[in-house]
Amino acid sequence: MSISLDGFVAGPGQSRDEPLGVRGRELHGWHIGDPRANDADKTASGWLMRPRGAYVMGRNMFGPVRGEWDEDWSGWWGAEPPYHAPVFVLTHHSHEPIRMEGGTTFYFVTDGFDAAYAAACEAAGGKGVDIAGGASTVRQALNAGVVDELTLDIAPVLLGSGERMFDGVESFGFEPVEVLHSPLTTHIRYRRVSAD
């Protein structure tokens, strides 16, 4: 998750024109074309894009449509999303699955995070399940205790407001295992501390 110094993973005013919120794109320069990106950013991009067996994401990450599905929308990513695996989208409004090119199918889960995570684990067939975001979905995963590894890409940006990931998370339970940096971000990989 890319995050600002003041703890926001998206800026205020998320919309179709500003999917990451106002100034939210500033958190992602390290992997979306800023010329100052270096080898550390390339390594972290590899962490981000490594194949997974399935994904869980929130409806806001899937798209800007709110409430009932009153328009045709299949995600921000075009005909071939980068997932190449089943993606379980948390929503309050049912929707038929959307099959995309490259092996991505979006499934819409109305029974909450636990149901979406269980479906993703089953679909993954023993491969990793990635909690793709946004803030609320990652927060639910942390509170459910299902995150084994978390990468924070901390951008030297102050957004002032927006979507926070850690509000309502009462304990962390992770330790840093790798740190990389560039002029654009500090990448910290955390692993869950074993309970032995």
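Visitor: Why is Glu71 called partly exposed?

Guide: This is a predicted model. Glu71 has a relative accessible area of 33%. Buried means under 20%, exposed over 50%. The value for Glu71 falls in between, so the residue is partly exposed.

Visitor: What makes Arg16 and Glu71 a salt bridge?

Guide: Their side chains meet at 3.0 Å, N to O. The cut-off is within 4 Å, so the pair qualifies. Arg16 sits in the loop between strand E2 and helix H1, Glu71 in the loop between helix H2 and strand E4. They are 55 residues apart.

Visitor: Why does Arg16 count as partly exposed?

Guide: Its relative accessibility is 41%.

Visitor: Is Arg189 called buried or exposed, and why?

Guide: Buried: Arg189 has a relative accessible area of 13%. The limit is under 20%, so the term applies. Glu178, at 25%, is partly exposed.

Visitor: What makes Glu149 and Arg191 a salt bridge?

Guide: The N to O distance is 3.2 Å. The cut-off is 4 Å, so the pair counts. Glu149 is in strand E8 and Arg191 in strand E11, 42 residues apart.

Visitor: Which residues are linked in a network of salt bridges?

Guide: Arg50, Glu149, Glu178, Arg189 and Arg191.

Methods
Residues numbered from 1 in each chain as written. Predicted model: local features only at pLDDT ≥ 70, side-chain atom pairs only at ≥ 80, totals over all residues. Heavy atoms only, no water. Helix = DSSP H or I, 4+ residues; strand = E, 2+ residues; numbered from the N terminus. Buried < 20%, exposed > 50% of the residue type's maximum accessible area, 1.4 Å probe, protein only.
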